[in-house]
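Trainee: I am new to this structure. Please show me how to read it, one feature at a time.

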Amino acid sequence: MNHRGGWALIKRSWASWLQYRSFFFVLAFGWMIPPLIYLFVWTTASEPAPIAGLTPPQFVAYYLVLILVNQLTFAQTNWTVGDVIRMGSLNSWLLKPMSPLYNAIASEVAGKIVMMAFVVPVSIILAIVLRPELTTTPTQVVLCCVALSSAWLLRFFWGLWLACLAFWATRADALLALQDALIFLLAGVVAPVALLPSAMQTIARVLPFYYMVGFPVEVLTGQLASSEVATGFVIQAAWLIVAVVLYRLVWRSGLKRYSAIGG
Amino acid sequence: MTNSQIQVNHLVKTYQVPVREGGLRAALRSFARRQYDTVEAVRDVSFSIEPGEIVGFIGPNGAGKTTTLKMLAGLLHPTSGEVRVADHVPWERRPEFLRTISMVLGNKSQLIWDIPALDTYRVLGEIYHLTSTAYQQQLDELVELLDMRELLTKPVRNLSLGERMKCELVAGLLHRPQVIFLDEPTLGLDISMQGRLRRFVLDYNQRHGATVILTSHYMADVVALCPRVMLIHHGRLLYDGGLADLAARLAPFKLIRVGLSNGHTDFSPPSGVEILQHEDDHLELRVARAAAPAIMAQLLNTLPVIDLVVEDPPIEAVIDQIYQEGAAVLKTAEPPTGASEEGAL
């Protein structure tokens, strides 16, 4: 492994992405819009009486945390790695004495840092204006950090294996749009998963998408019983393993195919 | 094995080119059941290159040049055959191997568009684990040779094509590779920039004894840089040897330009002479190489000649002839004495 080169790459990507900070700010703003809309929908809806035990300030807290979690875990690699494969600049990655995974990690980390410079201040302003109510314990904070890290890894590797489908099909990015739609529906964006119809709720708690966004949010806001938290971690870890295995399989056979038919 | 820097034996590359229509449905279908056409891009190519050689790799578009280079650089896995570059099997892509080679593609950039090239170089220095002294020294040397210090700090997108190519070369050579693959390095550059890059490649080769394989469609590149050329056509190595020999072998004729004294416009060609051009008192003739002396003597005796020039046909014309007519030209051409035969040296 070439950590020295990888670290330099992260710093460079960050510097280069700072050049397009306004682009990232607009992008980050775009990603904030759907959760913000549902924040207002649910706070208004829960004004007469709490819905599923959540009051308006608790909905505000849920969605503000969700905005942060969504931004932190968003899988840019879907697009950056996919483009690199599609546009043929993968060659220059492969010619370097360094694992191409570093390139994906570099753009991921660099992008996150640039976007946080926008998202954190905006979230603080929203929190001041909208007055969320969040009661949480130190244990929940720690558990949320763990859940958030695995959520990020899960979404990263999940995005990566999907991105690697670009080795086979140039229009594979259509699948990425499908993935975004599933996250919107099943990960707790359109509504907290507990509010979904029971069949959808079951599906949501089995599929990986909830564990990319909704799960760490609910761990922090204390909406889950401890047994649910424990089960959640097991399912999340299982999906993470699946994602890593899928990534390795797809990457390897994709690369084999790439070196067989040329980029 | 010999101490050749590059050793290629019976290299074959057969492409499976996917055939499918666009669209998501076709994409999904092609996951399950793929359909292919077979293209023989490289057929049984063998050669070896010694350390420090500069070899020109020429051939028409789609001849298999880039495919061969990609196999040598480890980007493509051959269908069959053996390759060793700097004592490594390229497609294993070992870090030690990747640190010894470099591939510069004239039509692809490895620089980041929106930041100065210097930032990219710093990262490359780290990726190749250069010490800061080595990094500075190697960067300074390249910058000096290419006379480009003022370009280092400008965002790449503000550079002209020629300036960008200079930056690409620095990026490719910063780690001081021993084997360099240059694919169309002068593509789209103006004449003086082409000349400058040629001198640079030659300088670099002489300083560091690096082995260079260069592909180019500009014959001036090949003439200026490559004592040895390899000509590939339809995936076959048709010729491997000196450029002058290639011309002699392919174009067994000479061009004779004759100026006649005032007003003398009558000319009936002796047998074996082909008139390429006849304008007033200027003639351009093509004659068989062997017959040239006799025909010149005859011209001098029978015509009021005031000027006479004998030339070899331009290399472009020779190359064009092969590109158009393919292997047949080489087969019918008589090999000159002493010229190396095709295949391994």
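Mentor: Start with a helix. In helix H11 (residues 315-325) of chain B, the buried residues are B:Ile315, B:Val318, B:Ile319 and B:Ile322. A residue is buried if 20 or more other C-beta atoms lie within 10 Å of its own, exposed if 12 or fewer, and partly exposed in between, with C-beta atoms placed from the backbone. Helices (H or I, at least four residues) and strands (E, at least two) are DSSP runs, numbered from the N terminus.

Trainee: Why do they lie on the same side of H11(B)?

Mentor: They cover an arc of only 95° around the axis, so they share one side of H11(B). The arc is that of the directions from the helix axis to the C-beta atoms.

Trainee: What kind of model is this, and how is it numbered?

Mentor: This is a predicted model: local features need pLDDT of at least 70, side-chain atom pairs count only at pLDDT 80 or more, and totals for chains, interfaces and linings use all residues. Residues are numbered from 1 along each chain as its sequence is written, while chains are lettered from A and ligands numbered from 1 in the order in which they are written.

Trainee: How do I read a sheet?

Mentor: Strands of a sheet pair through backbone hydrogen bonds, either parallel or antiparallel. Here, six strands of chain B form an open sheet with mixed pairing, in the order S5-S6-S7-S3-S8-S9. Two strands pair if DSSP finds at least two bridges between them.

Trainee: Which strands stand at the edges?

Mentor: Strand S5 (101-105) and strand S9 (236-242) of chain B. Each has a single partner strand, so one side of each is left without a neighbour in the sheet.

Trainee: How many bridges join S5(B) to strand S6 (residues 179-183) of chain B?

Mentor: Five, and the two strands run parallel. B:Ser102 stands opposite B:Ile180 in S6(B).
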